[in-house]
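These are my notebook entries on a structure that I looked up. I record what I checked, with the cut-off for each term as I meet it.

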Amino acid sequence: KAGTDIGAVALGAPVGNDDLRPERSTEWELGFDAGFLKNRMNLEFTWYNKATEDALILRNLPPSSGAATRFENLGKVTNKGIEGMLTANIVEGTNWGFDLTVSGSHNTNKLVTIGEGVDTIFFGLGANNGDFIQRHAEGWALGGYWQRPILGFEDANSDGIIGSDEVTLGDDAIFLGQPLPQTEMSITPSLTFLKYFRANGVLNYRGGFKIY
């Protein structure tokens, strides 16, 4: 784009960093396994809280460095959530049987601190033209999508086409959502018939995220 500084020579791949340190993670977990109805029904549940210090994050470098990106140890990232699974042997016979498994999880990801002297990191779709879509922003989920919101639109010239000049956008980019699902669930029924045959099915749900 006009008015954008571009280095004469730039490396396409991330450059090395002699100061890299291993990430340090601390995780607390609580959970239980329980059986009911003579173990024909089993329940597993886990709660976790994981904090990662010196998180390895790909950071954009100034054009004057001659390199585009490099990994650095930045800030603190947390992941908190629950996981659970219920299995049930509903029908058990000589020639017929029916089992059901229901599992689910919910995770909350957050970049607590990005690091002293480090600004928000922009990357992702549109990176080549300077119109970055994703951010590592302090206080928000990693890699979240950010854009100016559409406040309204009007076909001012009545041509049946909404042009870019007929759309009203907000002044500042806002958080639209994160790229990874916060909630996942699956239901897996299994039918055994004629003693030697089995049919399985899977129903999956993923929510709490956006795909751009």
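**Entry 1**

The model is a predicted one, in which local features need pLDDT of at least 70, side-chain atom pairs count only at pLDDT 80 or more, and totals for chains, interfaces and linings use all residues. Residues are numbered from 1 along each chain as its sequence is written, and side-chain values use heavy atoms, with hydrogens and water left out.

Strand 11 and strand 12 (residues 197-200) run antiparallel and are joined by 4 bridges. I note that two strands pair if DSSP finds at least two bridges between them. The hairpin of these two strands has 3 residues between the strands, and L194 there takes a positive phi near 50°.

I then followed strand 11 to its other pairings. With strand 13 (residues 203-207) it pairs in the antiparallel sense over 5 bridges, and M185 stands opposite Y205 of strand 13. Strand 4 (residues 97-113) pairs with strand 11 (residues 183-193) over 10 bridges, also in the antiparallel sense. In that pairing I found G97 opposite T192 of strand 11.

In which order do the 4 strands of the open sheet lie? I read the order as 5-6-7-10, with antiparallel pairing. Strand 5 (121-123) and strand 10 are the edge strands, as each pairs on one side only. From one strand to the next the twist averages 45°; I note that axes are lines fitted to C-alpha atoms and that angles run from 0 to 180 degrees between N-to-C directions.

Within this sheet I checked strand 6 (residues 134-136), which is joined to strand 7 by 2 bridges and runs antiparallel to it. R135 has G144 in strand 7 as its bridge partner.

**Entry 1: Aromatic pairs**

I record the rule before the count. Rings of Phe, Tyr and Trp (its six-membered ring) pair if their centres lie within 6.5 Å; planes under 30 degrees apart count as stacked, over 60 as edge-to-face and the rest as tilted. By this rule there are 6 aromatic pairs.

One of them is W140 with W146, edge-to-face at 5.2 Å centre to centre and 80° between the planes. W146 also forms an edge-to-face pair with F175, at 5.6 Å and 70°. This second pair links distant parts of the chain, since W146 lies in strand 7 (residues 144-147) and F175 in strand 10 (residues 174-177), 29 residues apart.

W146 is buried because its value is 10%, whereas W140 at 38% is partly exposed. F175, at 26%, is partly exposed.

Elsewhere, ring pairs link W96, F193 and F197 into a cluster.

**Entry 2: The largest nonpolar core**

Finally I looked up the largest nonpolar core, which has 8 residues: A55, I57, L74, V77, L111, I114, V118 and I121. Such a core is a set of buried Ala, Val, Leu, Ile, Met, Phe, Trp, Tyr and Cys residues joined through side-chain atoms within 4.5 Å. Strand 2 (41-60) and strand 3 (69-92) are the elements that give two or more residues to this core.

Notes. Buried < 20%, exposed > 50% of the residue type's maximum accessible area, 1.4 Å probe, protein only.
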